[in-house]
Amino acid sequence: KGKCPEDGWDESTIELFLHELAIMDSNNFLGNCGVGEREGRVASGLVARRHYRLIHGIGRSGDISAVQPKAAGSSLLNKLTNSVVLDVIKLAGVQTVTSCFVVPMATGMSLTLCFLTLRHKRPKAKYIIWPRIDQKSCFKSMITAGFEAVVIENVLEGDELRTDLKAVEAKIKALGAENILCVHSTTSCFAPRVPDRLEELAVICANYDIPHIVNNAYGVQSSKCMHLIQQGARVGRIDAFVQSLDKNFMVPVGGAIIAGFNVSFIQEISKMYPGRASASPSLDVLITLLSLGTSGYKKLLKERKEMFSYLSSELKKLADNHNERLLDTPHNPISLAMSLKTLDETNDAAVTQLGSMLFTRQVSGARVVPCGSVQTVNNYTFKGFMSHTNDYPCAYLNAASAIGIKKQDVDVFLKRLDKCLKTFRKEAKQEKSTNEISDANAATEQLED
């Protein structure tokens, strides 16, 4: 039926299925005689087994989604993967999505492919409207495609950084709609930035007849992010949304899903990909979804949401104990931020030192963001880089509840963070005490003089 099974398959069944697909490829035929330059020959048996002898890759030179006659098994694998992934995207919350395909590139290059496809539709356009998010790959995706990114600064509402809709519309009017390739928005992001106002942006795009591409990097795991995409498509315009395979389905880095609501446009993007492509990302995600089934994936989504609530409540307690606070970012369903104001006031280097301490204590993924750092990316200078704004009120630390996270991960992280912060407080007290003694000694010496 081309859908993800409700109950996951066992490993031996999946392996049997993959072997059946593999013997449909010409390189695995008994007595096959290959005289071309690309015959699926593999020198290493280890490499052949790693890929289940599915060597031909996917697609043809003119279309990544096309069927390859001498690789019927690999082509079937590709079609099935795209169909199963489409089913899971609907399950995750975007019910009206009509088409998608797995592309063997990570999110940034997949966004570039979308922009290059739009170039043929809008030959005059040279600008991309981009509400700022401090993540290099999404900025580079526009530059690599040959466009000028028009950075729209976010507005601070409470602790949250939100989309400046007035600035977006004003910039469209100033540049002229025909000169704008698209609006490039974001759902999943690091707090205190929150997902863009997708519904309002989609309406603006519809009103000005401007394409809208959404960077949904790790948003499939969030019902809120998927709901925003669904609503944006319902009330306005969303041409395509791109998500990472590794972040949403726990497979190795190297693949993404390009999805949308217009079958012909998604097909245009797949035809823009030059040449054939590696089947590895498709193989990885198909194996994963067959082993999980819809029930297994739903369980992972439910556990992630529960862990987000747990991480939020426990991080708030820890923040209170250290005279800090959990930043109030209710619109961000995946990432949290805790202020590091007292740490920042103690020592300029203390914030970055905390990041180093956590990393050496095997805490990965936590980001510490100091105030005022500057970064130049492709000749564009970002002030306050990593904080998504020029001047955020305080330094802070990020932690995320992403798919696959366990209670043990949260507990160990909080324990190690608490220990690191106590170390800083102890050192600060000692330094203060030393300074007070020095001041007292100096005062005594003055009195004696």
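How many helices and strands make up the secondary structure of the protein? There are 14 helices and 14 strands, where helices (H or I, at least four residues) and strands (E, at least two) are DSSP runs, numbered from the N terminus. This is a predicted model, in which local features need pLDDT of at least 70 and side-chain atom pairs count only at pLDDT 80 or more, while totals for chains, interfaces and linings use all residues. Residues are numbered from 1 along each chain as its sequence is written, and side-chain values use heavy atoms, with hydrogens and water left out.

**View 1. The whole protein.** Let us start with the overall picture. Taken along the principal axes, the C-alpha atoms fill a box of roughly 105 × 55 × 40 Å. Of the 449 residues, 51% count as buried; buried means under 20% relative accessible area, exposed over 50%, and partly exposed in between (1.4 Å probe, protein chains only). Take the contacts (heavy atoms within 4.5 Å) between residues at least 6 apart in sequence: 73% of them join residues at least 24 apart.

**View 2. An open sheet of seven strands.** Follow the strands across this sheet in the order β1-β9-β8-β7-β6-β2-β3, and you will find mixed pairing. Two strands pair if DSSP finds at least two bridges between them. At the edges stand β1 (99–103) and β3 (148–152); each has a single partner strand, so one side of each is left without a neighbour in the sheet. On average, neighbouring strands here are turned by 20° against each other, direction ignored. Angles run from 0 to 180 degrees between N-to-C directions, and axes are lines fitted to C-alpha atoms, for helices over the stretch in contact.

View 3. Strands β2 (residues 127–131) and β6 (residues 180–186) run parallel and are joined by three bridges. Look for Y127, whose bridge partner in β6 is I180. Helix α10 (residues 263–272) lies across β1, β8 (240–244) and β9 (256–260), and runs at about 15° to β1.

**View 4. S65 in its loop.** You can find S65 in the loop between α2 (45–50) and α3 (72–92). Is S65 buried or exposed? S65 counts as buried because its relative accessibility is 16%. Leaving aside neighbours within four places in sequence, S65 is in contact with N78, K79, F101 and S270.

**View 5. An open sheet of three strands.** The order here is β10-β14-β11, with antiparallel pairing. The edges are held by β10 (335–339) and β11 (367–369), each with a single partner strand, so one side of each is left without a neighbour in the sheet. From one strand to the next, the twist averages 25°. Strand β14 is largely enclosed by the rest of the structure, because four of its five residues are buried.

**View 6. Bridges and helices around β14.** Five bridges pair β10 with β14 (residues 396–400) in the antiparallel sense, and S335 has A400 as its bridge partner in β14. Helix α11 (residues 280–321) packs on the sheet, touching β10 and β14, and its direction makes about 0° with that of β10. Strands β11 and β14 also run antiparallel, joined by three bridges; here the bridge partner of R367 in β14 is N398. Helix α13 (residues 350–360) lies across β11 and β14, running at about 175° to β11.
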